Amino acid sequence: MYKAEFFAQDFAFAAAYLLDEADTVLTLDYLTMDKCSLDLPVRKTPVKKGDFCRVSRVGGTVLADFTVADCSCEESDCTVSLRPLQAVLDVDVYNDGIPDCAAWLAQQIRTYLIANSDAAQNLALVLENTVPAADRPLTLDGDTANLLDVLATALTAYRLVLDAQLDLANKCIRLTLGQATTAAVLEADLPNVLEREITLGDSYGSKNKYILRRTSTDKETGTVTVLEEKSYYLHPDGSVDDQDADRITPVFWTLGKLENSETWDADALAQAVEALTPEQYDNEIRLTLRRDDKLVTPETLPIGTEATIYIGGQAYRSLLTGREWDGDTHCLVFGKVRVDLTKKLILQRRNTL
């Protein structure tokens with residue numbers, strides 16, 4: 001049995017319900033942060049949009065914390081739509097350049113949601129950034145960005161994960177920004193894997209070299225001058241730099257150009273990472289196991305786990321980006337591709353920002 005506990009925005013207890021595991025499907029997709037639904041066995045409930053929810057097993061562990069996206073009641077029951085707790089960060093902020101996405105995310109959360117001059121805008125968030133400073137650039141189009149979009153990109157580009165948990169005793173949400181380090185090797189053809197699905201993205205096995213021209217445009221005549229040409233490479237470990245060593249072959253290249261600026265080197269690396277990163281985790285691999293599987297222990301694998309998955313004798317490299325609880329089974333969702341239409345639309349919108 002599941003226990004779904006609901007709390008108001010001030011963390012006061014609102015309601016609790018027992019739910020049959022066999023009739024309940026919970027999803028947590030870190031890339032899309034989209035909704036899942038719970039059917040409550042009541043015709044009226046005090047639960048409302050903006051409340052918080054904790055789902056756990058009766059007498060057992062906490063599965064996940066959520067925020068309530070919607071609640072509607074009919075004659076027989078009430079349906080609550082839930083989003084991952086990280087969805088409290090579904091806000092737009094100004095994009096002034098992102099040289100280190102970990103430091104940038106921490107700064108934006110504090111500026112807009114913790115220590116904003118408009119006290120009514122602040123949330124009860126406690127943030128801990130455990131990631132040391134480093135060059136982790138992201139290039140985003142436009143003057144604004146949604147924090148959830150940056151979170152998803154930071155995961156697939158740098159394996160940065162923002163964990164969110166309700167701290168009911170202290171009436172706050174604890175956010176921990178960390179570097180994922182867990183790795184796993186999974187044999188999808190073994191009998192303990194009940195179901196397996198694999199979808200490869202359009203860029204799978206394609207671009208591994210980025211040739212970038214540094215250009216200068218004359219403001220009066222519009223004449224474009226090529227100042228230099230530089231190459232960047234995708235390496236087997238997923239890193240991207242300008243070092244012509246430990247290369248992926250055969251070579252498949254793509255071309256780009258970038259206007260000269262004082263920050264050209266950092267901007268060029270960010271553009272190269274963006275151009276070649278689709279080669280990383282450009283798949284959706286879904287593995288369904290029993291939730292108490294002793295070989296894989298699927299419920300213990302954290303988001304951001306990098307996995308080598310063997311299917312039909314072929315090895316695929318991917319990243320754990322989502323999961324589903326369905327009765328006595330647990331589905332691990334790897335990769336940055338989504339087949340589901342709603343999820344595809346969310347990712348397509350993000351890729352056009």
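In which strand is serine 81 found? In this predicted model, serine 81 belongs to strand β7, which covers residues 78-84. Its relative accessible area is 14%. The cut-off for buried is under 20%, so serine 81 counts as buried.

The nonpolar cores come next. The largest one holds 72 residues. Leu89, Leu162, Ile173, Leu175, Leu287, Ile309 and Phe334 have the most contacts inside it. Helix α2, residues 147-158, supplies the largest share of this core, with 9 residues. A second core is separate and has 22 residues, among them Phe6, Ala15, Val47 and Ala64. Beyond four places in sequence, isoleucine 309 touches Leu186, Ala188, Ile285, Leu287, Gln314, Ala315, Tyr316, Ser318 and Phe334.

The crossing of α1 past α2 is left-handed. On the α1 side, the contact involves Cys101, Trp104, Leu105, Gln108 and Ile109. On the α2 side stand Leu147, Val150, Leu151, Ala154 and Tyr158. Of the residues in this contact, 9 are nonpolar and 1 is polar. None is charged.

Some backbone features stand out. Most residues other than glycine have a negative phi, and most peptide bonds are trans. Phenylalanine 11 has a positive phi of about 75°, although it is not a glycine. Phenylalanine 11 sits in the loop between β1 (2-7) and β2 (13-19). With a relative accessible area of 8%, phenylalanine 11 is buried. Methionine 33 is not a glycine either, and its phi is positive, at about 50°. The loop between β3 (25-29) and β4 (36-40) contains methionine 33. Methionine 33 is buried, at 2% relative accessibility. A cis peptide bond joins threonine 249 to proline 250, with omega about -5°. Proline 250 is placed in the loop between β17 (240-241) and β18 (253-259).

Alanine 22 lies in the loop between β2 and β3. Alanine 22 has 57% relative accessibility and counts as exposed. In sequence, 305 residues separate alanine 22 from glycine 327. In space, their C-alpha atoms are 4.3 Å apart. Aspartate 189 occupies the loop between β13 (183-187) and β14 (193-200). Aspartate 189 is partly exposed, at 45% relative accessibility. Glycine 312 is 123 residues from aspartate 189 in sequence, and 6.8 Å from it in space, C-alpha to C-alpha. Contacts of aspartate 189, apart from residues up to four places away in sequence, are with Arg196, Tyr310, Ile311, Gly312 and Gly313.

Key: Residues are numbered from 1 along each chain as its sequence is written. This is a predicted model: local features need pLDDT of at least 70, side-chain atom pairs count only at pLDDT 80 or more; totals for chains, interfaces and linings use all residues. Side-chain values use heavy atoms; hydrogens and water are left out. A nonpolar core is a set of buried Ala, Val, Leu, Ile, Met, Phe, Trp, Tyr and Cys residues joined through side-chain atoms within 4.5 Å. Buried means under 20% relative accessible area, exposed over 50%, partly exposed in between (1.4 Å probe, protein chains only). Helices (H or I, at least four residues) and strands (E, at least two) are DSSP runs, numbered from the N terminus. Contact means heavy atoms within 4.5 Å. A crossing is left-handed if the near helix is turned anticlockwise from the far one by less than a right angle, and right-handed if clockwise. Ala, Val, Leu, Ile, Met, Phe, Trp, Tyr, Cys and Pro count as nonpolar, Asp, Glu, Lys and Arg as charged, and the others, Gly among them, as polar.
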